[in-house]
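Me: I would like to go through this structure with you, piece by piece. Could you start with the packing around one helix?
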There are 2 protein chains.
Amino acid sequence: MALSEFDLIRRYFSEPSAIRDDVVLGIGDDCALLQLPPGHELVVTVDTLVSGVHFFPDVDPEALGHKVLAVNLSDLAAMGAQPAWVTLALTLPAVDSNWLAAFSKGFSVLAKRYGVQLIGGDTTRGPLSITVQAQGFLPSGSALARSGAHPDDLICVTGSLGDAGLALSAKQGHRLPKTFDLRDVVQRLERPEPRIGMGLELRGLATAAIDISDGLLADLGHILQASGVGGRLDLSQLPLSPPVAEVVAETDGWSLPLAAGDDYELCFTLPSKRLHEVEVISGRLALPIAVVGRIEAGTGLRCERENGTLWQSQFAGFDHFADV
Amino acid sequence: MALSEFDLIRRYFSEPSAIRDDVVLGIGDDCALLQLPPGHELVVTVDTLVSGVHFFPDVDPEALGHKVLAVNLSDLAAMGAQPAWVTLALTLPAVDSNWLAAFSKGFSVLAKRYGVQLIGGDTTRGPLSITVQAQGFLPSGSALARSGAHPDDLICVTGSLGDAGLALSAKQGHRLPKTFDLRDVVQRLERPEPRIGMGLELRGLATAAIDISDGLLADLGHILQASGVGGRLDLSQLPLSPPVAEVVAETDGWSLPLAAGDDYELCFTLPSKRLHEVEVISGRLALPIAVVGRIEAGTGLRCERENGTLWQSQFAGFDHFADV
C-alpha cells in the first residue's frame, strides 16, 4: 500500500497497535508476521458490510466500527476460538476525518476489550464498503463445528432473539408494539456483543455451534444439515424481550425472533447431561441461555407452538442474492 | 453467510477446495481451521480492488480473477513466504454466471499453480469490489522485512519495469511508441506473475525486500525509510522492455519505469558478495535480475542518468487519496 494509505491507517488505527506480544511485525510492511501458540489451530473468518445493504449510509460511524468487528468476532465465538488478530479493508468515497475518527473509536474499543490487534489493512477509494478478516486460535481438535449435533441433544441459544430485527423494522418506519422503546433494542442492532466468553467455555461441552446472523431457522438449519439430523423447536421457550414477545403475541409473528437475523447470539447443541455445567457458566458470565428444542433423527425442523400446533416459516433467513 | 451465498461460492470456487492437507476445515462452517507447521510464523496480507479505481469495469473477468490473487501473492513473495490459504470477499451488483465462471477460472488457475487453497469468503451485493486476504508461512525469523538494508548493499529488481504502466497508458488512449505492441505488455498489466519462487530463494540472502506495486521510487522509498538509509539509482541499469526503453529515450520519461506502478516485480537489497548466488538462482528460475543501484548512508534517493546528471521525480507513486 502507498505511503499515505499507510499514514491514513496508522493515524486512525494506531491505538491497538501493540497489545499482543505474538505480533512479530504489524502494520507497515508487505505483510504481518504472527506467532501461533504450539498445538493450536489457526481460525479464520471474513465478512463484508456494504453501505445501503448491511447498514444505512447515515449510520453512526462509531457503531459501524463496532459492528463490522463484532460480526467477525461472533464467527470466532461460534468456533470456540480465542480472537487475536484482525485486518481491515476500508473502501471510502473520500477521507472524512470526523467519520474516520468515530469509526476507528468504535472498532478499537471493541478490539481492545477482547485483546484483538489490528495487524494490517488496505484503504481504497470507492463506494463505502468494509471487509474485516478476524484470526484467532484454539487447541487443535477443540473447534465447535456445525457438524457434531446428535439426536437427543438439546438446542440452546444465548441472550434473546428478535431485538435487532425489531430495531431494523422501526428504522424502516414499520408499526411498533406499545412497549417498544427504540433505546432498548437499537443497541442490539447497532452494537451486537460477540459471545466470545461463552464460545470459549463451550469447548468440550457443546456438540455443535453457530452464531445467529441470519435468523435461528436458517442458522440452526446449517447445523442440522451439516450434522445430518433433524430437530424440534418449542416456540414457547424462545427467549424474547418484552417488545418482541408483544409482537409475537399480537400477530403470531414468529418470523421476527426466528428469521429476522442480526442477533449474533450463539445457537449450540448439547447432551442433556451437560446442561447443568452450561447453566453454571451462564451464571458466571451473566449471559442467559435458553433450551429451545431438541435434535432428532431424520431431517427437517418442526416449530411447535405451546398448544402443540405447528408454525410454518415463510422465510429462510436473510439472503443477499435470493431476490436478484 | 446464508445458504445460497455458500452455494454461490461453492459452485464457482469448488475446484481448489481440497489441495492442502493442512486445512482442517475449509469453506462451509463459521470459520476455517488451519494447521501452521511447527517453528513457522504466519504471514498475512490483504488488498482490495475496486471497479473504476483499480480496474476498468469491462475488464476481462478471468484476468481480474488472476490479478486480485496475484497482487496478494506478490506481497507474500516480498516477505519470502510460502503461500498457503486465501479468502475472497466478493461484492457484486448481481449474479452473472458467465462473469463468475470466468473470474473463478482466473483465480483458481493461479491458486493451483502456487498450491493455494480458498478457505473462506463472503459474497455480498453492492458495487463491484474484491478483497482478498492471503496467508502463508515461513520459518520463524526468516522474513524479508523492509527494514534490513545496509549502506553498500546492492539494490536489485526482478524482471522489467514500466510495461504495466505502458499498457495502462495505451488503454487510456495516450500516444504510444512505434515499437509498442499491445499484446506484448497488456499481460504485464492484467496478469502480473507473483515472484513467489524468487521470494523463497531470497530468504537468508536479501537484507530487505518489497514488491513494486506503486513504482520503484515509492516502494524503494519504503525500504530506505524503514531501514534508515539513503540510496542511488543508476537509471541506465533499469531493466526496460524495448517499448518502455523507446518512451524513455524519446522523452527522458523515467517516470514510466520508476513511478507508473503495477509491475509486481520484487525490489531487494543484497550484500555485494552474495550477488553471484542470486545470479545462479536467477538463471535457475529463468527470472532476470538487474542491479540498479546501491544503498548509501544518510537519507534520500538520487536518480543518476548515464551522463552523471540527476533526474528529479515529479511523482511519488500511485496514491488513492493523494488527490482527494
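Reply: The buried residues of H4(A) pack against helix H5 (182-190), helix H8 (242-251) and helix H9 (255-259) of chain A. Contact means heavy atoms within 4.5 Å. Helices (H or I, at least four residues) and strands (E, at least two) are DSSP runs, numbered from the N terminus. This is a predicted model: local features need pLDDT of at least 70, side-chain atom pairs count only at pLDDT 80 or more, and totals for chains, interfaces and linings use all residues. Residues are numbered from 1 along each chain as its sequence is written, chains are lettered from A and ligands numbered from 1 in the order in which they are written, and side-chain values use heavy atoms, with hydrogens and water left out.

Me: How many residues of H4(A) are buried?
Reply: Seven of the nine residues in H4 (residues 163-171) of chain A are buried, which is to say under 20% relative accessible area, with exposed over 50% and partly exposed in between (1.4 Å probe, protein chains only). Among them are Asp163(A), Leu166(A) and Ser169(A).

Me: And what comes just after H4(A)?
Reply: Gly173(A) is found there, with a positive phi of about 85°.

Me: Now the sheet. What is the strand order?
Reply: The order is S8-S10-S7-S11-S9-S12-S13 (chain A), in an open sheet with mixed pairing. Two strands pair if DSSP finds at least two bridges between them.

Me: Which strands stand at the edges?
Reply: Strands S8 (208-211) and S13 (310-311) of chain A do; each has a single partner strand, so one side of each is left without a neighbour in the sheet.

Me: How many bridges join S8(A) to S10 of chain A?
Reply: Four bridges join S8(A) to S10 (residues 266-270) of chain A, and the two strands run antiparallel. Ala209(A) has Phe268(A) as its bridge partner in S10(A).
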